[in-house]
Amino acid sequence: MLKKYGIGLLFTLIAIFLAIGIQVLGLFDLANYKMLDFNYQLRGPLSSWASHQNNPNDSLDVILIDVDDETYRLLSEIGWPYPRGKIWNRVITNLTDVGAKVIVFDIQFDARDAHTSRVLSVFNGVLPEGYTDGDKELAEAVEYARSNGTEIVMASTIKTELSSIPPSILITPNDIIMEVNPDHGLVDIDEDKDHFTRRYKVFGALAHEPDVWRLSLGMKAVKYFLDISDDPGLTYDWDSNEFNYGPLKIPTYGSDYPGFLTNIYGPASHARIGESEPWQTFKRFPLAWIIDTEDYDLPVFEEDTDWMDTFNPDGTLNMMLSMMDPDHQIPESPFKDKICIIGVSVEVYHDYKSTAFFDYLGVPTLMPGFEYHANAIQTLLDQNFIRILGNTIEFTSDSAVSQITLIILAALIAYLIIVFFDPLLGGILVALEAIILLSISIGLFTRDFLWLFKWISGNSEAITVPGPGESLFIPLIAPFAVMSLTFITNVLYKFILEQRDKHFLKNTFGTYISPELIDRMYEEKQEPKLGGDAGVHTAFFTDIQSFSSFSEKLSAKEVVELLNEYLTAMTNILLDNKGTLDKYIGDAIVAFYGAPVPVENHEYMACLTAVHMQLGLDELRKKWQSEGDRWPEIVHNMQNRIGIATGDMVTGNMGSAMRMNYTMMGDIVNTAARLESGAKQYGIYIQVAEDTYLAAKDGFEWRDLDYVIVKGKTEPVRVYELMSIKENLPDGYADMLESYHQALELYRGREFSAALEAFKLSDSKEDMFPGRYTNPSRVYIERCKIFMENPPAEDWDGSWQLTEK
């Protein structure tokens, strides 16, 4: 026992080390990323949430200004890149006029304005009179915004050029724009191994200036939105692995990564389901709408709406309406006190990211890069960070302890399940262990521990939304893997061990112990010994009618061949119906039901076996007949008789200490044997004792046969002929049985003369197939004649004494 469980524990330890090794190599990372994405999708979008819950009609803090397909079409005559004086100056000015607090560009202005450059190239580097430099106009717009309380954050990036010294280069807006000192933030975003984007950097640094932290675009936007001072600026707490920035505490994705896990608030805002409106996780406006004012006509706009003037109190439209109606209410600007981030979603510019909501709508939808910045900004503002057990999905110094602990616990629980339960139930329980772990994990992410029931019921929309910073993700792929490895290795080991032990038992005892007993011995861990167990079981005897005549027609070889074919077919039927083969005695089969393994409804199973044997023999007869002259007619008409009785018996190992057989003993065994042999006197083929009949009567069709004292017995027993499975009588048998039972009632009522005529009628309806020489009706005809000449005593109970076995 110790050796067995010790080896099982060894396999478990191997599974643990293997799972840890795979985790260290990062082979589980991709699956854990996908599991995280599944958590996001179960939780669902977070639009109009967090700090905005008190005002459901309010949007999130970030507004998207999108160079989308509509803008691309309307400004097609101008062409990309858009002129900075004509377009971007106007964008900044218009957003400032309607109250935007921060304007963020996810568009780089490091090169000179393209339109200005073309003019300079035509005029030999000198702008003609009346033409304004586009970069200067953009710089003027930046100054205008600042003077009106709106901050501008532009895009910068760190590039590596091996030909440069130093190779790490900070690329900012061009020198003309930088003359007005607009702030800028890094737009560099990292991808995970599966090319999905999940993290966001707080800062970046040049290789030759590692201590100079240059804030990312999102951090700069947050800085101006929350009015965070540069003193002390961004600091790092090594004890808690957090950045401190003004009122913000930003947990890092591990101690080696200068950033956090972005909480994705929903699908891309431009995503659609069919012909529906865009999803609008964040409020989103085409760039063309932003420049649509009274003093600017869109080149190909079908209808001039002056849309931005709707929100500008100083615009001509609102001034005129106010003059006409003193009570005129100016619509609230959707941009007021918001962060307006400007970027490109036109597909031809390929600024897209794959995120957790990639296929949320059933159609793969990429997220524009500037909207990913928006998700990161909103995560920072709401302090709605996704925490990870161990801080990282990957195996790092931060996550090593938690990941190894989870792997060990999962493996040990799986091992204990396998030790105490059989493989099937153990497999179910290990699967249940995995489901429980998954349920707890997703419950900690969504903060709804009833999510599984809601999801299964198709009501995933009812899954509650977690509060700010409440989501905890637990990477479970390694624990799932170690559970599977532990289960598979231990089950395979147990299977190999069982097969080895069974093979040993069969090799050692198979010559004199039945296979069923060997299985029982293995299950009960016992060696064969003399003795038995008493119980109520069903005895079963069958042999071939007049088999001695077969040897007169067949050679010894043919007898053996025929008998082997017959016994094989009958034994298979017996074993298929849960019978225990006791022995063969020539052409006879001795069997019983209910031992060594208990069989529910063993009486019914014995009767079912008898019916199936009759059907199986019929198939054999047809086969033998189809073989032509190979077999004589006696084989074509072979019949077998069966006797079945239920009662107390002893089953167990009988014999000597050196040689024994698992068999049965008891008076009921003799009764079954007498019923089988006595069936020939009635011309029937299945004779069943009363106790068996009472237990199985509802499943079959019966003939009430006799109340008989079998040879060697003193007490009468009621016996029945088993005809067929319920409602499956051959044609004409039901009519015959009705006539027979009417005659039997007259016989038992001592009306022998009337019974005689009635039995003659039933006899005419009996099926006298080849090989059948009498039937119960004929037996009773002779008895009626006897009783008509010599009536029975007045206290006659209807019984009959058999004089032959």
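In helix α23 of this predicted model, the buried residues (under 20% relative accessible area) are Tyr 733, Met 736, Leu 737, Ser 739, Tyr 740, Ala 743, Leu 744 and Tyr 747. They span an arc of only 165 degrees around the axis, judged from the directions to the C-beta atoms, and therefore lie on the same side of α23. Contact (heavy atoms within 4.5 Å) links these buried residues to β25, β26, α24, α25 and β27. Just after α23, Arg 750 adopts a positive phi of about 70 degrees.

Local features require pLDDT of at least 70 and side-chain atom pairs pLDDT 80 or more, while totals for chains, interfaces and linings use all residues. Numbering starts from 1 along each chain as its sequence is written, and side-chain values use heavy atoms, without hydrogens and water.

The helices discussed here are DSSP runs (H or I, at least four residues), numbered from the N terminus.

| Helix | Residues |
|---|---|
| α4 | 84-97 |
| α6 | 134-147 |
| α23 | 733-748 |

Helices α4 and α6 pack at an angle of about 5 degrees, with axes 8 Å apart; the axes are lines fitted to C-alpha atoms over the stretch in contact, with angles running from 0 to 180 degrees between N-to-C directions. The two helices are therefore roughly parallel, a term for angles under 35 degrees. Residues meeting across this pair include Trp 88 and Ile 92 in α4, and Leu 138 and Val 142 in α6.

Arg 146 is located in α6. Its C-alpha is 9.8 Å from that of Lys 101, at a sequence separation of 45 residues. Beyond its neighbours within four places in sequence, Arg 146 contacts Glu 151, Val 180, Asn 181, Pro 182 and Asp 183.

Terms used
Parallel < 35°, antiparallel > 145°, perpendicular 65-115°, else oblique. Expected span 1.5 Å × (residues − 1). Buried < 20%, exposed > 50% of the residue type's maximum accessible area, 1.4 Å probe, protein only.
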